[in-house]
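Please look at how two protein chains can be described where they meet. The paragraphs below go through the interface and then one chain by itself.

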Protein chains: 2
Amino acid sequence: MDKVFHALADKTRRDIVQRVLVSPQSVSVLAGEYSMSFAAVQKHVAVLERARLVTKQKRGREQLVSADPDTLRHASQLLDRYEQLWRHRVRAIAEILSEDTDNIEDNKEQS
Amino acid sequence: MDKVFHALADKTRRDIVQRVLVSPQSVSVLAGEYSMSFAAVQKHVAVLERARLVTKQKRGREQLVSADPDTLRHASQLLDRYEQLWRHRVRAIAEILSEDTDNIEDNKEQS
DNA sequence: CTAACGTACAACCATGTGGTTGTAGATCAG
DNA sequence: CTGATCTACAACCACATGGTTGTACGTTAG
């Protein structure tokens with residue numbers, strides 16, 4: 001999971017993910033889109049590949065890069081779980097504030 | 001957004017986020033949870049703070065670390081948008097395969 | 001007041017990162 | 001076959017990262 005977020009922590013790599021989500025592209029076509037060397041784009045793709053965000057498959061002498069939506073979904077689900085923790089906390093605080101227990105005599109800083 | 005994903009690309013930092021989502025903690029309490037120096041934990045908190053995933057507020061001589069669920073939600077929404085791109089692509093492919101247009105005479109590699 | 005605590009920050013080091021260039025292997029066009 | 005294309009990978013560099021230790025400052029306890 002470290003690798004997934006690290007892979008997504010770069011604008012170029014997120015852009016590559018977005019492009020190949022729409023339609024698979026060869027490495028050289030991708031490289032043409034950015035103002036950096038072919039090798040640099042190749043490295044970015046390698047990072048995405050190690051994080052299992054994309055997969056490559058040979059097609060003649062080209063290498064087609066496709067997205068792996070499963071990994072993307074796993075990352076999204078993790079963040080969703082974090083949000084649920086937050087909502088759970090908010091709910092717990094709300095319950096404390098509504099406080100329908102026995103002793104409601106003291107009002108200690110309820111801001 | 002680079003900073004957000006970079007901040008999440010570390011197990012310790014994700015754990016800190018999870019802890020302070022449940023309930024805010026002081027830096028020293030957090031530091032006690034991990035087998036690394038206080039300064040190291042402090043740096044991790046600083047990374048999370050720069051990514052606006054957490055905020056700090058003084059409370060006496062302590063510094064309470066709290067989560068910022070908005071930033072978390074933004075990241076989650078970006079990944080959701082990626083998933084929608086994928087679903088859109090799947091839908092487009094499905095439409096091409098159902099192909100109820102005029103010319104259905106040629107079957108060019110539909111795998 | 002002094003001592004202990006919580007924090008901040010600088011300096012340092014090993015390692016990883018993003019970028020470059022260069023070289024070499026497959027594959028397609030002619 | 002030869003030459004052009006697509007890819008892979010190594011070497012290198014500047015810089016950021018994650019970790020350490022040490023020092024300094026504000027705050028609380030006694």
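Between them, chain B and chain A bury about 2,800 Å², 64% of it on carbon and sulfur atoms; buried area is the accessible area (1.4 Å probe) that two parts lose on being put together, summed over both. The contact (heavy atoms within 4.5 Å) takes 32 residues from chain A and 31 residues from chain B. This is a predicted model, in which local features need pLDDT of at least 70 and side-chain atom pairs count only at pLDDT 80 or more, while totals for chains, interfaces and linings use all residues. Residues are numbered from 1 along each chain as its sequence is written, chains are lettered from A in the order in which they are written, and side-chain values use heavy atoms, with hydrogens and water left out.

Four salt bridges are found across the interface of chain B and chain A. A salt bridge is a side-chain nitrogen of Lys or Arg within 4 Å of a carboxyl oxygen of Asp or Glu. The side chains of Arg14(B) and Asp2(A) form a salt bridge, at 2.7 Å from N to O. On the side of chain B that touches chain A, helices H1 (2–8), H2 (11–22) and H5 (69–98) of chain B each supply at least two residues. H5(B) gives the largest share, 13 residues. Helices here are DSSP runs (H or I, at least four residues), and strands are runs of E (at least two), numbered from the N terminus.

Chain A has five helices and three strands, running α-α-β-α-α-β-β-α from the N terminus on. Of the 111 residues in chain A, 38% are buried, meaning under 20% relative accessible area (1.4 Å probe, protein chains only).

Key. Buried < 20%, exposed > 50% of the residue type's maximum accessible area, 1.4 Å probe, protein only.
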